[in-house]
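Work through the exercises below with the model open. Try each task before reading its solution.

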Amino acid sequence: MSQESGHYYVPAPSTYPIIGSTALLFMGSGAALTMNKIELGYGLLGIGFAILIYMMFGWFGTVARESESGKYNAQVDVSFRWGMSWFIFSEVMFFCAFFGALFYMRNLSIPWLAEESTVLGANFWSSYAGAWPTAGPGVHEEFTPMGAWGLPAFNTMLLLTSGVTCTLAHWALKENRRDGLKKWLLATVFLGALFIACQAYEYVHAYNDLNLKLTSGAYGSTFFMLTGFHGFHVTIGTIMLLVIYFRSAAGHFTPEHHFGFEGVAWYWHFVDVVWLGLFIFVYLM
Amino acid sequence: MAAVHGDAHGHGHDDHHPSGIMRWVTTTNHKDIGTMYLWFSFAMFLVGGTLAMGIRAELYQPGIQILEPELFNQFTTLHGLIMVFGAIMPAFVGFANWQVPMMIGAPDMAFARMNNWSFWLLPVAATLLVGSFFVPGGAAAGGWTFYPPLSTQGGLGVDLMIFAVHILGASSIMGSINIITTILNMRAPGMTLMKMPMFVWTWLITAYLLVLVMPVLAGTVTMLLTDRHFGTSFFNAAGGGDPVMFQHIFWFFGHPEVYIMILPSFGIVSEVIPTFSRKPLFGYSSMVYATASIAILSCFVWAHHMFTAGMPTVGQLFFMYATMLIAVPTGVKVFNWTATMWRGSMTFETPMLFSIGFIFLFVIGGFSGVICAIVPIDIQVQDTYYVIAHFHYVLVSGSLFALFAGAYYWIPKWTGRMYNETLGKWHFWLSMFFFNLTFFVQHFLGLAGMPRRIPDYALQFADFNMISSIGAFGFGTTQLLFLYIMISCIRSGEKAPQKPWDGATTLEWTHLPTPAPYHSFEKPPIVN
């Protein structure tokens, strides 16, 4: 509720949204064509992606400039806080769909497929044991599941540490220690990048040494989709942190007014928590 | 409460906006964006309606006359997708855009630029969906629920549909976050949550449901996509997956989605009925709690769509009773609307007619819903025309009738002009007659065993199908009358006073001139 002095900032007309829509039109149609092996698709996809990058630079740049020029009063700040919270909630629900698929397969569909009393279990796959990890009764390529205590445990440590460095950067910002802010932000970016590199190495290892692929049935599907979407979010988060680092280096943010920083920090912690869920339910159990 | 519209212009941001087409493309104004949502949804309503006419023309007589089965399947699939995602949902967002800031005394939506993007994503998605008719293999043909394995087969059209759903989901999530933030953060001083108009309450809860379930739909179609093209096994039993799992995840989205399409119409009706009964809404707080209860319960009933898909008896019982429980808060609402009218000084202008029609017909749809919730009956009527009749009673005479009520109710405030009351009443009575002609007989068809989504049928169903088709053609034509009424209202309607409805009490009627100025409430009003 507005008890503020000054008006709520309503931005002037903007072309960025329609540019973004154009990008998604190219990307949507391009991706559909690409997946159906139509050459034209790659071009459309590339153009769409380029337009999207341009749109993001322009749009986020505008928001940063508006923020730095003091257009956002305390009420606008509260709007950003609500907006980011609900966005993160929507992301949580997105991951819930994939965790739900994992639980459903492990606890319901795979035991059913192994049951003697079901039609499939009795007639087609009577020798199927149904023990997790499994590629399912009809996929006959052997694979080795990913262990938890090697690289994944190291990755867990990386992300947990990055949560700490992110908070140290926030404390430095609030006490107006700019060097500390930049130093700890850079450390966070480094840990995020290292995580992504480890994850990439893990995928290469899975494909080359463990014969664990996206096509490895239930285990492969859930393993790669869950860790893949998480890795994608870490990548986005690292880029966001890098942007915040450059903004900090350019003198943006004050101890009182820095939601751009906080929003990214919230996102980073969200990515962190999702990883803990992954580590427990995908790697450990 | 002093009038506050006088000082509105000039502060904070300039009034100069691009003219012509660029005004609409670049706008950050909630009224412009609301207008675009409403026109877009009406255009999609006509596209989806044309598909429905095609379906009914084919079903006019037994045998295959007009649409080959393959094309018929594409028609039923796209009719459902376009009506749900292109017509009904954007229309409600259009109402939210116009009304929520005005009803809570806010200058605009919380994120005005993102608001523009939420809208302009829709034409992109519509292009992908409608365009899919013209690609090799045609549009998706596995039904609007796109169950695998049908949807893991199919060609380019299915992929275009998947990406359209992704984009629609992004649009809905951004729009919902915007609405929630606006309602939570931008209410005028003194407007506590429990003083908000019912329409705003219903949208707050609807937006919450959208943020809850749209990402789940995005996840589902993503799994579908990787199953189709990248060799995953989510919905493939050979790999340990399960096509039934798709149904569970889809309906975890799909059932709240049903309430996403009906809660805002509860809101509209809860504004219209008190106005034309000249009494405050009966049981305001119980209305709020009932809406919240419906939203919560809607997340625990999804498997009633899947009673025949194979489920433990305990599961069937749970979902049956949970579903029937929703009738309780819904009953509270119907009771409250009726009690609002009780001993009111009622008049029957078009918005009121549509609202009363809504209550009457929605209750029929609600009751057939309770009937469908009973497992042994559902096993009989699953995938028959009984189900078609049921959900068209809640979606057409529910959601759509409430949208019409809202359009007639607020068009004076939006345009500054009155619609033609006589023609409006014609629109209502013709819609009422043809709607029932179309869909009431489908109850009988379903009970007699006519399956849905099939272009041909046994001779015994011929009479009722002919009646239904005649009703559908009449209903479709009647909606052109609505278009005519709206255009003639905008162009040459009589000038409307600030408050044409003397029972109206919300801020847009009491505090803003007619038509509502381009920027309203730059300084918030004080609400006592």
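**Exercise 1. The contact between the chains**

Task: State how many residues the contact takes from chain A and from chain B. Then find which helix gives the most to the side of chain A that touches chain B.

Solution: 
- Start with the counts. Chain A puts 58 residues into the contact, and chain B puts in 63 residues.
- Next, locate the chain A side. α1 (16-35), α3 (74-114) and α7 (217-249) of chain A each supply at least two residues there.
- α3(A) gives the most, with 22 residues.

**Exercise 2. Confidence**

Task: This is a predicted model. Where in chain B is the pLDDT below 50?

Solution: 
- Take the complex. The predictor assigns an ipTM of 0.95 and a pTM of 0.95.
- Take chain B as a whole. Its mean pLDDT is 95, and 97% of its residues reach 70 or more.
- Residues 1-14 of chain B have pLDDT below 50. In the model this stretch has 26 contacts beyond near neighbours in sequence.

**Exercise 3. The fold of chain A**

Task: How many helices and strands does chain A have? What share of its residues is buried?

Solution: 
- Count the elements. Chain A has eight helices and zero strands. Its pattern along the sequence is α-α-α-α-α-α-α-α.
- Get the dimensions. The C-alpha trace of chain A spans about 75 × 45 × 40 Å along its principal axes.
- Check burial. Of the 285 residues in chain A, 38% are buried.
- Check contact range. Among chain A contacts with a separation of 6 or more, 70% join residues 24 or more positions apart.

Technical notes
Residues are numbered from 1 along each chain as its sequence is written. Chains are lettered from A and ligands numbered from 1 in the order in which they are written. This is a predicted model: local features need pLDDT of at least 70, side-chain atom pairs count only at pLDDT 80 or more; totals for chains, interfaces and linings use all residues. Two residues are in contact if their C-beta atoms, placed from the backbone, lie within 7 Å. Helices (H or I, at least four residues) and strands (E, at least two) are DSSP runs, numbered from the N terminus. pLDDT is the predictor's confidence in each residue, from 0 to 100. A residue is buried if 20 or more other C-beta atoms lie within 10 Å of its own, exposed if 12 or fewer, and partly exposed in between; C-beta atoms are placed from the backbone.
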